[in-house]
Structures are given as C-alpha cells and as structure tokens.
Amino acid sequence: MIPSLRRHRLAAAASFVVLLACAAQAQSSDPATPKSPTPAIERPAPSRPGTRPAPAAAAAAAAAKPAGDPEAQPSALTAELFYEILMGEMTARSGDPGSGYALVLDAARRLRDGKLFQRAVEIALQSRSGDAALAAARAWQETLPNSRDARRIELQILIALNRIGETVEPLRAEIAATPQIEKPMLMAVIARNYSRASDKKQAASVVEQALSDELKSPATGALAWATIGRMRLNAGDTSGALDAAFKGQQMDPASDAPAALALEMIDPGQPLAEPIVTRYLANNPKAPPDLRIAYARVLVENRRYADSTAQLQALTAARPELAEPWLLLGSLQAQARQDAAAETSLKRYIELAANQKDPDDRQRGTTQAYLVLSQLAERRKDFTAAERWLARVDSTDDLVVAQTRRAGLLARQGKLPQARELVRGLPERTPEDKKQKFLAEVQLLRDAKQYQAAYDMLAQASAAAPNDSDLVYDQAMVAEKLNRLDEMERLLRKLIELKPENQNAYNALGYSFADRKIRLDEARTLIQKAVQLAPEDPFIADSLGWVEFRLGNTTEAIRILETAYKTRPDPEIGAHFGEVLWATGQKDRAVTIWKEALLSDAENETLQETLKRLRVKP
C-alpha cells in the first residue's frame with residue numbers, strides 16, 4: 001500500500017468517527033425520529049488481554065455509551081451501517097466521490113440522521129455536483145420534515161444553481177418557522193442571498209411571493225416591505241423600492257427598516273425618499289443612533305453640511321455619551337471654520353474614544369481627530385500645538401498624511417526646502433503613494449506662491465501621463481495663477497473631454513470667464529452644467545451667484561449667494577456675497593459679512609483683493 005494513501009484513509013476514518021458518534025447519539029433526541037424500537041448496536045467482542053481495540057471501533061463503542069451511564073443505550077447504528085459510513089467516507093476521500101456520496105446518503109436515510117445528510121451534501125458539493133447536493137438536501141427534507149437545517153441548505157443550493165423559481169415554497173416555510181425575534185436577521189440573510197441571483201427581477205418577485213403572509217401582519221409587515229424594497233432596488237426598480245419603503249412605514253411608523261431602505265435612495269433625483277427618513281427620526285426620539293449617523297453621512301455626501309451638522313448636534317445632545325457623533329460633528333465644524341466649537345467636539349470625542357471596544361475603530365477615529373486638531377492649531381498659527389497633535393498619530397497607515405501635514409507646517413514657517421525634502425522622503429508602497437507625494441509637493445509650492453515651479457512639475461508629470469485628470473486640473477489652476485488664461489482654458493476643455501461628468505472643470509472655466517467679465521452667457525451655461533452635476537455644492541452655487549451678478553441680475557445673485565453662504569460660510573463666498581450687497585447699497589450688511597469672513601480666514605486672497613479694490617476696512 002502506498003504510505004500516503006494509507007495515511008489518507010486513516011485520517012478519513014479518524015475524522016469521521018466524531019460524526020458516527022453524533023449519529024448514534026442523535027437517535028434518542030431527534031424530534032423528527034419515530035419512537036418505534038430501533039435495533040441495538042452490535043457490540044464488539046471483548047478485547048484480549050494486552051491488545052487494544054481498533055480506533056474507529058473503540059470510538060464508536062464509546063459514542064454509543066453515553067457519559068455517566070454504565071450501560072450502553074440502544075442505537076440504530078449497526079456494524080453494517082458503521083462499515084458503510086466508514087467506506088463511504090474513505091471512498092469519497094480517495095477519489096471516488098460518487099460512490100462515497102451514495103454510501104453516506106444511504107446510511108443517512110436508514111439512520112435518519114441530519115449530520116450524515118449534511119455530510120452527503122458536502123461530498124456532492126466538493127465534487128461540484130450541484131444536482132446531487134440538491135437531491136441529498138431534498139432526501140433530508142423528506143426523511144426529517146421538521147429539520148430547518150435541511151430546508152436552509154436546500155434554499156442555498158437552489159439559489160446557487162440559479163433555480164430561483166423553485167424557492168418560493170421552501171422560503172415561505174422557512175419564514176413561517178422563524179421566531180419573530182429572529183426575523184430581522186432572516187430578512188437580512190434573504191436580501192443578501194437572493195441578491196446573488198442573475199435574474200434580479202425574478203428574485204424580487206420570488207421574495208415578494210414568499211413574504212405574502214408576512215405583509216398582512218402588523219407585526220412583520222414593515223420589515224417584509226423593507227425586504228421587498230431592497231430586492232426591488234437591487235433589481236434596478238428604484239420607484240418600486242421607494243413605494244415599498246412608503247408602504248412599510250405606513251404599516252409601522254416605529255420600524256426603522258423602511259427608513260433604512262429609504263436612506264439608501266436619498267438623492268436629488270428621488271425627492272420622496274428623504275421624507276421617509278425624516279418622518280421616522282422626528283417620530284422616534286429613541287431611534288437607533290446608527291441610523292441618524294448614517295443619515296448625517298449621506299447628507300455630507302450630498303454636500304448638505306449644515307443639515308448634517310444639525311442632525312449630529314441633535315444626536316450629541318440626546319446621547320452625549322456616544323463617541324462617533326462628536327468626531328463627525330467636530331470635522332464638519334472645522335470644515336465650516338467654526339474652530340472653537342470644532343476643538344471642543346474633537347476633544348470630547350478623544351475622551352470618549354478610550355471606551356471604544358474595537359481597537360481599529362478607536363485608532364482610526366483618534367487619528368482623524370489628531371489631524372483635524374493639528375489643522376485648527378495651524379490656522380491660528382500655533383505651530384507648536386499643531387506639531388504636538390501630529391506627534392500623537394501613531395498609525396503607520398496615516399504616516400504619509402501626518403508627514404505631509406508636518407511639511408506644511410515647515411513651509412508655513414518659511415522652511416520650504418526642508419518641507420519638500422520631508423515629502424520626498426516619504427515611503428512609496430504603492431503607485432498611489434507616489435502620486436500623493438508628488439501632489440503634496442506641488443501644493444507646498446502653490447501655498448508658497450511659487451507658481452512657476454509648481455507649473456513646471458505638473459507639466460512634466462502631465463507629459464508622462466497626459467490623461468491623468470487630477471494632473472490636468474491642477475495644471476490648469478496653476479496656469480490661472482500665472483495669468484496664462486488661454487492655457488488654463490485649453491487644459492479645462494481637455495479635462496471636460498476626458499471626464500464629461502467632472503463638475504469642477506465646468507465650474508472653474510465658467511467662473512474664470514465671469515470673474516474677468518467675458519463671455520458671460522457661456523460662463524452661465526458652463527456653471528449651470530456644474531450645478532446639474534453637483535446641485536448641493538455651495539462653491540458652485542457661489543460661481544452661479546457671481547455670474548448672475550456680472551450679468552446684472554443682482555436680486556437673483558443675492559438669493560443664490562446668501563443660500564450658499566448659509567450652507568458654507570467660507571471667506572471666498574463671503575467676499576462675493578459682501579460685494580453684491582455693497583453694490584446694491586446694503587453696505588452695513590456687507591461689512592458684517594466681511595468681518596465674519598476675516599475672522600474665519602484673514603489671509604484669503606479673494607477676500608483681501610475685494611476689500612482692497614473697494615477700499616474697505618471693515
């Protein structure tokens with residue numbers, strides 16, 4: 001006998017003894033097993049003095065004799081069946097899975113044992129025979145009709161075989177057999193498993209048929225509708241998914257499932273999705289914090305920073321002990337240049353983060369907080385404090401970010417050569433790392449107003465990668481600083497060709513025309529295209545307000561700019577808003593806006609240029 005084959009068969013015998021033991025013991029406890037007498041197990045002959053029984057026989061005999069009971073209990077596991085199972089396992093493992101499958105499945109039927117049926121399924125799947133696996137699962141169902149494991153495995157196999165239409169009844173039965181407390185988890189599993197079907201519409205239809213009884217129950221209707229909606233959404237039927245979320249909320253306004261579904265559909269093109277979320281949050285003060293946090297994140301993704309901040313402020317007021325909302329709130333406040341409030345929120349997060357259980361989440365969160373706190377210190381020119389916050393970043397994944405910030409601190413203190421060397425010395429683990437290092441060095445030059453050096457670097461990189469949209473955009477922006485406006489326009493039009501959906505290209509080109517008071521109709525067309533692509537972006541709204549002002553539409557300009565400034569009180573938006581107010585005679589209000597902008601960023605170029613040109617000293 002070949003040694004490796006011998007070891008293989010011995011391993012098979014040893015590993016399967018546990019399964020045999022379970023099969024023997026299950027006869028007295030399986031609720032699906034008839035209570036009629038079963039044949040007693042054939043006991044092995046006593047071993048002779050000085051000898052030991054064979055390992056498989058000894059293990060089976062031990063399994064047939066429950067612990068603490070001096071006498072063996074009756075079992076259906078005969079020596080013949082023992083041999084059949086053992087041979088089935090060894091045959092399957094030694095290259096003949098078909099024969100092994102047949103032996104194990106026959107033993108499973110005769111013993112009425114779920115674990116043996118499951119093993120037959122496994123053998124079939126290992127030999128890539130889906131039909132055989134399905135036959136074993138169905139035999140299991142026929143033999144043990146009350147086995148939920150059998151039904152679940154049958155469902156999984158049918159889905160894997162893409163025989164979705166055959167799953168309606170087993171799925172309906174599984175749903176009916178699931179206790180109410182477990183149904184939320186079951187619905188999540190249903191949505192996840194059926195999303196793998198190739199025919200998404202059929203999968204959605206099958207799930208809806210299987211949930212027909214649940215839809216009628218006030219206790220489960222909302223959850224069922226949310227599951228159906230998720231299947232419709234997966235099939236590309238957004239309006240159907242929205243309808244399902246609406247019906248689910250009507251059945252149970254306190255259920256978070258319809259709101260969670262609607263949250264995934266919030267978009268300017270789906271105005272009816274958000275009210276489902278806001279109604280739920282308004283009517284359920286004790287709504288899960290995770291849902292409100294997720295809503296705040298969606299608002300940020302849609303550039304609705306003020307709305308997101310309001311949600312997070314409500315959450316931190318109601319649940320001040322939660323860490324994550326403070327981090328998100330502090331980051332938004334820093335972005336809105338509410339520096340004092342941001343610092344308070346971020347420090348509060350750091351205090352609470354010590355209690356976070358997941359060390360990875362804690363490290364990611366505290367790293368973000370340290371970086372933003374460093375940025376806040378840098379804004380007030382407290383470079384020592386900024387460096388102290390950076391020194392607390394100990395995550396290797398954020399090394400490049402922290403070191404880039406250090407380089408920025410050096411440059412702000414007039415140490416540009418040292419800053420560039422620091423960036424150049426950063427590790428390059430991936431091509432993306434190399435690109436980020438390059439862009440960081442270019443940004444150092446731009447911040448230091450060394451525009452020609454920055455342009456030369458970008459031109460050289462663009463020559464090597466002419467279709468890199470990031471490089472094209474940055475080169476265009478530096479060309480504008482050098483007053484090479486024809487070059488800027490050429491580059492931005494190239495970017496529009498490369499990335500027709502890049503709102504920044506349309507906005508930058510349109511704003512450049514508006515700022516120079518040329519080609520104003522084209523400028524408005526370009527900016528309106530940018531608005532279509534990013535309707536919630538306050539900076540693009542600022543450009544639109546500015547071009548309306550240049551066209552003489554001051555009332556519309558004030559309306560647009562006021563909304564943009566409320567959404568994002570940025571000093572550049574404030575500079576434009578103040579100038580339009582000033583031009584319409586609202587000088588006191590203009591000065592108030594400019595004073596706010598100066599407190600936010602006194603060095604902003606657009607703001608300083610505006611005040612100098614209008615000869616205003618607020």
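Of the 618 residues in this protein, 46% count as buried. The model you have open is a predicted one, so treat this tour as a walk through a prediction.

**Stop 1: the whole protein**

Start with everything shown as a cartoon. You will find 34 helices and zero strands. Then consider contacts between residues at least 6 apart in sequence: 52% of them join residues at least 24 apart.

**Stop 2: the end of helix 12**

Select Leu233, which lies in helix 12 (residues 221-234). Is Leu233 buried or partly exposed? Its relative accessible area is 22%, and that makes Leu233 partly exposed. Show what surrounds this side chain. Setting aside residues up to four places away in sequence, Leu233 touches Thr238, Ala241, Leu261, Glu264 and Met265. For a distance to check in your viewer, pick the C-alpha atoms of Leu233 and Lys201: the two residues are 32 apart along the chain, and these atoms are separated by 9.7 Å.

**Stop 3**

Before the next selection, here is a handy idea: two packed helices are described by the angle between their axes and the distance between the axes.

Select residues 238-251 for helix 13 and residues 273-283 for helix 15. These helices pack at an angle of about 25°, and their axes are 10 Å apart. Angles under 35 degrees count as roughly parallel, so helix 13 is roughly parallel to helix 15. Their crossing is left-handed. Now show the side chains that make the contact: Leu242, Ala245, Phe246 and Gln249 from helix 13, with Ala273, Ile276, Arg279 and Tyr280 from helix 15. Colour them by class, and this contact shows six nonpolar residues, one polar and one charged.

**Stop 4: the loop between helix 16 and helix 17**

Next, select Asn302, in the loop between helix 16 (289-301) and helix 17 (305-318). Asn302 counts as buried, at 18% relative accessibility. Which residues does Asn302 contact, leaving aside its neighbours within four places in sequence? They are Ile266, Asp267, Pro268 and Glu536.

Move on to Arg303, found in the loop between helix 16 and helix 17. Arg303 counts as partly exposed, with 28% relative accessibility. Look at its backbone too: phi of Arg303 is near 60°, a positive value in a residue other than glycine.

**Stop 5: helix 18 and helix 19**

Select residues 324-335 for helix 18 and residues 339-353 for helix 19. Their axes are 8 Å apart, and the packing angle is about 155°. Since angles over 145 degrees count as roughly antiparallel, helix 18 is roughly antiparallel to helix 19. This crossing is left-handed. Among the residues making the contact are Trp326, Leu327 and Leu329 of helix 18, along with Leu346, Tyr349 and Leu352 of helix 19. By class, the contact of helix 18 with helix 19 has nine nonpolar, four polar and three charged residues.

**Stop 6: inside helix 22**

Select Ala407, which sits in helix 22 (residues 399-412). Ala407 is buried, with a relative accessible area of 0%. Hide everything except its contacts: apart from residues up to four places away in sequence, Ala407 touches Ala419, Leu422, Val423 and Leu444.

**Stop 7: helix 24 and helix 26**

Where they meet, helix 24 brings Lys435, Phe438, Leu439 and Arg446, while helix 26 brings Asp470, Leu471, Asp474, Met477 and Val478. By class, the contact holds five nonpolar residues, no polar ones and four charged.

**Last stop: Asn483**

Finish with Asn483, in the loop between helix 26 (469-481) and helix 27 (485-498). Is Asn483 buried or exposed? At 58% relative accessibility, Asn483 counts as exposed. Check its backbone as well: phi of Asn483 is near 65°, a positive value in a residue other than glycine.

Key: Residues numbered from 1 in each chain as written. Predicted model: local features only at pLDDT ≥ 70, side-chain atom pairs only at ≥ 80, totals over all residues. Heavy atoms only, no water. Axes fitted to C-alpha atoms, helices over the stretch in contact; angles between N-to-C directions. Helix = DSSP H or I, 4+ residues; strand = E, 2+ residues; numbered from the N terminus. Parallel < 35°, antiparallel > 145°, perpendicular 65-115°, else oblique. Left-handed = near helix turned anticlockwise from the far one by under 90°. Contact = heavy atoms within 4.5 Å. Nonpolar A, V, L, I, M, F, W, Y, C, P; charged D, E, K, R; others polar. Buried < 20%, exposed > 50% of the residue type's maximum accessible area, 1.4 Å probe, protein only.
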